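Hello,

Here is the structure I promised to pass on. Please open it alongside this note; my findings follow below.

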Amino acid sequence: MNTRGLRSQLKDSVPVTGLCPQAGPYGVQDSLRRGFSSVKNELLPSHPLELSEKNFQLNQDKMNFNTLRNIQGLHAPLKLQMEYRAARQIQRLPFLPSSNLALDTLRGTDDTIGFEDILNDPVLSEVMGDPHIMTEYKLGVL
Amino acid sequence: NVSCQEDSPVFRFGRVTFMLNTSTKTPTGGFSFENTRRNAVLEANLSEKGYSAPNARKTGTTIAGLIFKDGVILGADTRATDDMVVADKNCMKIHYIAPKIYCCGAGVAADAEVTTQMMSSNVELHSLSTGRPPLVAMVTRQLKQMLFRYQGHIGSSLIVGGVDVNGPQLYSVYPHGSYDKLPFLTMGSGAASAVSVFEDRYKPNMELEEAKQLVRDAITAGIFCDLGSGSNVDLCVITEKTVDYLRGYDQPVQKGLREGTYRYKPGTTAVLTKTVTPLTLDVVDESVQVMDTE
């Protein structure tokens, strides 16, 4: 994991949209699916780590791709991103549990153990997304 | 004063409340910050009434490490405190990471424990993947990167020591992610007392017995001069050939013997009524655990 320059990159790479009003497909607050809105919830993160953790994987990828581009040229991150996209497309139905083995292998996290493997393991979660709604959302007919 | 969550809406129908699980996101692992707002509200309510929320149990420790002629000696005390109460009189603060690498943990007890366990698993996977025995510098690097990622919220300060192909090495890692590489190190609340002993008597390339005595003296200084450290001294001697985990190497604090008996004679309190309710239970398993009372 390359944490060089993490602090300096955080300021301009953390998108604040993570906390903005949850706009549904028609641009208005989607009460049915996302609950009632509250200004306080959307302005400030509840925990200092919330934003940085939400975007951590994205920022890591971005930094790694930048480094790779500087070392090996543009083709290296392009090829890798093509492989990521291919691995992300071949997935099970959205509500079924998936080990994401292809993505893990590409990222190199298949031989590391982090908090995402110990805490809140999706395999052991007590609730499941409603299959109909999740499939409709994925197909875009929601 | 209701704090709303952004996820699933709660509906009331008559007197029944049910939650509609209409989330369209696939669940991911890792830390979940859903309850932080609720916790903040609860804590504010509690502090209005004068109570305080429970704190994480810290180890309030003295841990120390030393490089001597043939290897590394790690030492630790064995008391775990919960604010002002001793929670554990004999806990193990020297954790296993790899066959020749051990790690002492100070700070929040759970954080140190989970961090060292995760490091141990990661080190094993890494050395299987490279096919080589692990380096202490590798352990330190993974530790500091993880602790920096969480910006000090994981409150564990660690001393990592071991012997690898580059010889005996000793690193200390702070909760925010900085590290030091030095011939002798101390951490924890009793660090100041222990490091004073080291500063006075440390010499490079000491012999084994002299080094063990010095670490024992440093930890004992922490035990006597710091309220957060106490009980016994644990040592771990790591050389190229062997690892010696000396649990309870020294017990400088023995409980004194009571001169008289302070128990009340049976019959001191008069019994007014007595009702006996027999419970029909089957004895499945019987185990005896001796408490040290009196």
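**What I found**

In chain A, 23% of the 142 residues count as buried. This is a predicted model, so please read everything below with that in mind.

Chain A first. Chain A has nine helices and zero strands. Along the sequence the pattern reads α-α-α-α-α-α-α-α-α. Take the contacts in chain A with a separation of 6 or more: residues 24 or more positions apart account for 49% of them.

Now chain B. Chain B has five helices and 14 strands. Of its 294 residues, 41% count as buried. For contacts in chain B between residues at least 6 apart in sequence, 60% join residues at least 24 apart.

The predictor gives the complex an ipTM of 0.76 and a pTM of 0.77. Chain B averages a pLDDT of 86. In chain B, 90% of the residues score at least 70.

Over residues 1-8 of chain B, pLDDT stays under 50. The model still has 18 contacts beyond four places in sequence for residues 1-8 of chain B. Over residues 11-18 of chain B, pLDDT again stays under 50. Here the model has ten contacts beyond four places in sequence. Where pLDDT is low, the predicted coordinates should not be read in detail.

**The annotated residue**

Which residue does the UniProt annotation "active site" cover? It covers T61(B), and the entry is unreviewed. The annotation may be inferred rather than shown by experiment.

T61(B) is found in the loop between α1 (36-49) and β3 (63-67) of chain B. Is T61(B) buried or exposed? T61(B) has a relative accessible area of 1%, so T61(B) counts as buried; the cut-off for buried is under 20%.

T61(B) touches several residues beyond four places away in sequence. Among them are D77(B), K93(B), D226(B) and S229(B). The contacts also include G105(B), A106(B) and G107(B), and M187(B), G188(B), S189(B) and G190(B). With K93(B) there is a polar contact, side chain to side chain, at 3.4 Å.

α1(B) has 14 residues and reaches 20 Å from its first C-alpha to its last. That is close to the 20 Å expected at 1.5 Å a residue. Just after α1(B), G50(B) takes a positive phi of about 100°.

Strand β8 (residues 101-107) of chain B is mostly covered, with seven of its seven residues buried.

In a regular strand the side chains alternate between the two faces of the sheet.

Which strands pair with β8(B)? One is β7 (residues 94-98) of chain B, joined to β8(B) by four bridges and running antiparallel. A98(B) stands opposite I101(B). β7(B) and β8(B) form a hairpin with two residues between them.

The other is β9 (residues 156-164) of chain B. Seven bridges join β8(B) to β9(B), also antiparallel. There A106(B) stands opposite S157(B).

Best wishes

Definitions and conventions: Residues are numbered from 1 along each chain as its sequence is written. Chains are lettered from A and ligands numbered from 1 in the order in which they are written. This is a predicted model: local features need pLDDT of at least 70, side-chain atom pairs count only at pLDDT 80 or more; totals for chains, interfaces and linings use all residues. Side-chain values use heavy atoms; hydrogens and water are left out. pLDDT is the predictor's confidence in each residue, from 0 to 100. Contact means heavy atoms within 4.5 Å. Buried means under 20% relative accessible area, exposed over 50%, partly exposed in between (1.4 Å probe, protein chains only). A polar contact is a pair of N or O atoms within 3.5 Å; within protein, one must be able to donate a hydrogen and the other to accept it, and residues adjacent in sequence count only if both atoms are side-chain atoms. The expected span of a helix is 1.5 Å times one less than its number of residues. Two strands pair if DSSP finds at least two bridges between them.
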